[in-house]
Amino acid sequence: MSSCPFHPPHEPAANGSRTGAGEQVVYEEHAELDFDGRMSYGDYLQLDAILNAQKPLSPDHNEMLFIVQHQTSELWMKLMLHELRAAVDRIAQDRLPDAFKMLARVSRIMEQLVHAWDVLATMTPPEYSAIRPYLAQSSGFQSWQYRCIEFTMGNKNAAMLRPHAHRPDLSSRVQAAYEAPSLYDESLRLLARRGLAVPASHTARDWRAPYVMSLEVEQAWLAVYRDPEHHWDLYQLGEELTDLEDTFRLWRYRHLTTVERVIGFKRGTGGTGGVSYLRKMLDVVLFPEIWSLRTAL
């Protein structure tokens, strides 16, 4: 096998040398090799800051997995929020093709987060027990980005503002997501602008209040789904929302099973019931009429 993945054995390399047994192509012709005073890959991505952000507190080997798992999840959530907020804005502007692209990307990001639990699940209960005392009260329950995602998706709960009150800079961001119309709120306002019979109680309400399912909203979505050719972009919006909640449910389920596998029914480090709390979250439905209409079709 060639030592260079870009050139098969005995074929000329880009720099004119030949790659035979025991030979190596040292570099590609025209490749940039000197970065003195110039921006490199590591500079652009701020890799020094990122790769030096892992500071294990315990002497245990497995803590690095725990830290990297959660840091990478936070990076994916940063991108997810970036896309979600933009999608909500585009829906408010009736720019649905842009919103569809963004929502599809959010669903793919969520798939990455689902599979990330497979890696954390390689941590056994004794391995986690070795690092747990060093976590103190820190918990993913306190992730301000995750809370913004929940609020933007429509799961509003004023009590969830409190874990961020000690950081006014972050608290203001979470508060803004709490007070703003959710992704589903803006979707229903769009249906109303298109002439569908969405009640005023769902288009001009207190956006901080938890969403309440409406039979009138279900009827509006049914009108879309019964005539998809006439309402094609709204029909596609409904399916994008379905995909998104579908993957969000998978993320919650894999979170639950991973926690149960690693800590059983112990309480979470942040004081929640752990598995019992996560089981309750499985019952949260973000876009209820999108699901209920299927029975009525």
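Helices H10 and H11 are roughly antiparallel to each other, a label for angles over 145 degrees, because their axes cross at roughly 165°. The model you are looking at is predicted, so local features need pLDDT of at least 70 and side-chain atom pairs count only at pLDDT 80 or more, while totals for chains, interfaces and linings use all residues. Residues are numbered from 1 along each chain as its sequence is written, and side-chain values use heavy atoms, leaving out hydrogens and water.

Let us stay with this pair. H10 covers residues 232-263 and H11 residues 275-282, and their axes come within 9 Å. Their crossing is left-handed. From H10, Arg249, Arg252, Tyr253, His255, Leu256, Val259 and Glu260 meet Val275, Leu278, Arg279, Met281 and Leu282 of H11, where contact means heavy atoms within 4.5 Å. The residues of this contact divide into 7 nonpolar, 1 polar and 4 charged.

Now follow the chain between the two helices. Lysine 266 sits in the loop that joins H10 and H11. This lysine 266 counts as partly exposed because its relative accessibility is 45%, between the limits of under 20% for buried and over 50% for exposed. Lysine 266 is 10 residues from serine 276 in sequence, and their C-alpha atoms are 9.5 Å apart.

The largest nonpolar core has 70 residues, and Leu84, Met153, Leu183, Tyr184 and Trp221 have the most contacts inside it. Helix H4, residues 96-120, gives the most to this core, with 12 residues. Leucine 84 touches Leu103, Val106, Ile149, Thr152, Met153, Leu183 and Leu244, leaving aside residues up to four places away in sequence.

Methods: Axes are lines fitted to C-alpha atoms, for helices over the stretch in contact, and angles run from 0 to 180 degrees between N-to-C directions. Helices (H or I, at least four residues) and strands (E, at least two) are DSSP runs, numbered from the N terminus. Angles under 35 degrees count as roughly parallel, over 145 as roughly antiparallel, 65 to 115 as roughly perpendicular and the rest as oblique. A crossing is left-handed if the near helix is turned anticlockwise from the far one by less than a right angle, and right-handed if clockwise. Ala, Val, Leu, Ile, Met, Phe, Trp, Tyr, Cys and Pro count as nonpolar, Asp, Glu, Lys and Arg as charged, and the others, Gly among them, as polar. A nonpolar core is a set of buried Ala, Val, Leu, Ile, Met, Phe, Trp, Tyr and Cys residues joined through side-chain atoms within 4.5 Å. Buried means under 20% relative accessible area, exposed over 50%, partly exposed in between (1.4 Å probe, protein chains only).
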